[in-house]
Amino acid sequence: METAGIRVRFAPSPTGPLHLGGVRTALYNYLFARQNNGKFILRIEDTDQNRYVPGAEDYIIKSLQWCGLEFDEDLIKGGPYAPYRQSERSAIYKEYIGILLDRGHAYLAFDTAAELEDARNKFSNGHEQFQYGMKTRLQMKNSLSMTADEVKSRIDRGDRYVIRILIPENLTVIFNDLIRGEVKVLTDSLDDKVLFKSDGLPTYHLANVVDDYLMRISHVIRGEEWLPSAPMHLLLYRFFGWEYSMPQFAHLPLILKPEGNGKLSKRDGDRLGFPVFPIEWKDPSASEVSHGYKEDGYLPEAFINMLALLGWNPGTEQEIFTLDELISSFSLDKINKAGAKFDPAKARWFNHKFIQLKTGAELYAYLDPVLRSNGISADPEYVMKVISLIRERVELLPDLWKHSVLFFRAPDTYDPQVKLKIWQEGTSSFLEEFSAMLKGLDPFNKESLHALVEEFTAGKKIKTAQLMNPLRLLVVGSNQGPGMMDIAAVLGKDEFLERISKGLKNI
RNA sequence: GGCCCGUUCGUCUAACGGUUAGGACGUCAGGUUUUCAUCCUGGUAAUAGGGGUUCGAUUCCCCUACGGGCUACCA
C-alpha cells in the first residue's frame, strides 16, 4: 500500500455522447496528471445496464483521442489495475460489500418498487420528503426491521433485495475539497443509499470508492454534481478502514447554458446553433445526428484551450496556450468555484486565433480534400497562393473553402443588392472599354494592373471604386473577397477577362 | 420542501485588506482598405442587498435575496 504517486481517473458512464463538461473534466484530470508526472486513467462506469448505449464507449475514446488526451491506463492498452470496465469487476464489488455487511455498515432491504412508492406517498406530507434513513428504515422491509429468520427465509425463497449503507446518526462529516475548502455535513441529512442493486451490480457509490482505492487513485477530480454524495463516500472509506489513504477531492464547477439558467444541455446546442459534443454523435436508436466540434471545423487545440479557460485561469493575461503550456500553467487552486456560462462566440474566437497560427502547408492539407471532393484539381502552387490571400478570414475550417471557392469557380449569379447599389449609367461601357485595354496588358500583374486602373480612371474622371466595385461584381459575383488586384493577379489574365465578358453578358 | 455549493462589466475572468476595480470575448465608434472580412485605435459596461470586523473591505464573518446542484435498485 505504498504511495503510487499522482494517479487520477476519468470515469465516464457509457450512456451517450460525452459533452463539453465531460471533456473539460477529462482535460483537468489530464493536465493535473501530466504536470505531476502522474498517471491518467480511463475507467468505464457501466454498472447500469439499463442505460447502456451501444457505441458510447467507443465514442468517448475517440473524442478524447481527437482532443489529444492520451490515457496511461485504459481498457485498450490495459494497465496494472485492469480490468478498467466496471461491469467486468463485479466479483470485486461482491467481496467488498460483504465486508460492509459483516461489519454492520450495510444491510439488506427487500422493499419492492411499489412499497417504496407507497412509503414516499405516506411520508411525504408536503413539508417533508421521504428519505430511506434514520427516521424510516425501521418501518421498511429490511434486515434491520426483520428477524434473522425472516430475512433468511426471504433469501431462501429467492426474494430480490438491495444492500443499503447504514448511515450513522448525529455525526458531522468533514472533508477538505481542494477547490471549495472545508465541507461539513451532518449525517442525519444523508439517506441510506443503495450500494448494491438487486441485479448483482453495485451502484456508482460503492464501485467508485472501491475502484478508486484499489486503483490507488490519489485525486478525484469530478463534477460538482457529486459534491452532495461526497460525505457518504467518505463514510465508505472510513467503514473500509481506508480513510488514511483516501484520495483528495476536487469538485469542479458546472458548465451552464449561454443564456438563461441551468446546466448546459444538448438542446441548447440545437437551439443556439453550436455543438455541445466534441465529435459528431449518431444516436443509434433515434437515427439523430448531433454536431461535433470536429466536424464543424474546430481545431482540437482551440477546443481544448477554450475549455481549459472555462472555469480556470492561469493568473496571468495569457489566453492562448499550447497543450504543453496548459500542463505547466495548470493548478487546481486557480479553478473557480462558480459555474461558468458557455460562450459560443468565444469558442469561435479561439478557433480563429489557432487557425492563424497554422502554416500554409497545414491549411493546404485541410483544403485539398475539399477541393477534390468538389471535383477540382488545382495546381498546388495556385492553391497555396489562394490560401495566403484568404487565410486571415478563416474562423472555422469550412471557411477555407467558402472563401476560396471564388478562385476555382466563376460566379453564375450576381448579387442583385450589390448591383443595385453600385451599377450606374455608363458602367457597362466603362467595363467594355477597360476590358479591351486589359487585353493588351503585358506583363499582367498587380503592379501593371494598378497602373492601368489609375490611368483609366484618371482618363474617365471617375473614382477608383466606380471601376473596381462593378469589376468585383462580375468577377466574384458579390461585394466580398480579398483585394481586387490580388484576385486578378492570382486568377491570371485569361480567366480574369473571361469572367468579365461572361459577367457583362449575364448580369 | 430538505441538504450542499455558489454570486465582480452582457459573457469568461484578474485584483497579499489599501488599484482611477485590470484583461479577454461581445458590442459600439473611428482608422486602414477599391468591397466584405481581417487588422489597428478608442469607448461602453461590474463588486447582488443589508449588517458587522477593521483606520480601510471586491477581499474576512453573519443575514437576506438570487442562481445552481443533489434528493433513483442513474451516473
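**Group meeting: a protein chain and its RNA strand**

Hi everyone, let's start with one pair of side chains: aspartate 156 and lysine 152 meet in a salt bridge, 2.9 Å from N to O. By salt bridge I mean a side-chain nitrogen of Lys or Arg within 4 Å of a carboxyl oxygen of Asp or Glu. Both residues sit in helix H5 (residues 148-156), four residues apart, about one turn of the helix. Over the whole structure, the search finds 35 salt bridges.

Some housekeeping. This is a predicted model, where local features need pLDDT of at least 70 and side-chain atom pairs count only at pLDDT 80 or more, while totals for chains, interfaces and linings use all residues. Residues are numbered from 1 along each chain as its sequence is written, chains are lettered from A and ligands numbered from 1 in the order in which they are written, and side-chain values use heavy atoms, leaving out hydrogens and water. Helices (H or I, at least four residues) and strands (E, at least two) are DSSP runs, numbered from the N terminus.

Now the domains, whose bounds come from an automatic or database assignment. Chain A is given domain 1 (7-75 + 205-256), domain 2 (92-177 + 183-189), domain 3 (266-355), domain 4 (358-395) and domain 5 (416-506).

I'd like to look at domain 1 against domain 3. Their C-alpha centres lie 19 Å apart. The contact, meaning heavy atoms within 4.5 Å, takes 30 residues from domain 1 and 34 residues from domain 3. How much area is buried between domain 1 and domain 3? About 2,800 Å², with carbon and sulfur atoms giving 79% of it; buried area here is the accessible area (1.4 Å probe) that two parts lose on being put together, summed over both. In domain 1, Leu20, Tyr28 and Trp66 lose the most area to domain 3, together 27% of what that side buries.

What about charges and polar groups? Across this interface of domain 1 and domain 3 the rule finds zero salt bridges, but it does find 12 residue pairs in polar contact, both at pLDDT 80 or more. A polar contact is a pair of N or O atoms within 3.5 Å; within protein, one must be able to donate a hydrogen and the other to accept it, and residues adjacent in sequence count only if both atoms are side-chain atoms. On the domain 1 side, helix H1 (20-35), helix H2 (56-67) and strand S10 (255-256) each give two or more residues, and H1 brings the largest share, 10 residues.

On to RNA strand B. Of the RNA atoms within 4 Å of the protein, 71% belong to sugar or phosphate and the rest to bases.

The side chain of threonine 47 has an N or O atom 2.8 Å from a phosphate oxygen. Aspartate 48 places a polar side-chain atom 2.9 Å from a sugar or linking oxygen. For glutamate 392, a side-chain N or O atom is 3.1 Å from a base nitrogen.

Last, two backbone details. The peptide bond from alanine 82 to proline 83 is cis, with omega near -5°, and proline 83 lies in the loop between H2 and helix H3 (90-102). The bond from aspartate 442 to proline 443 is cis too, with omega near 0°. Thanks, everyone!

Note on methods: A residue is near a molecule or strand if one of its heavy atoms lies within 4 Å of it.
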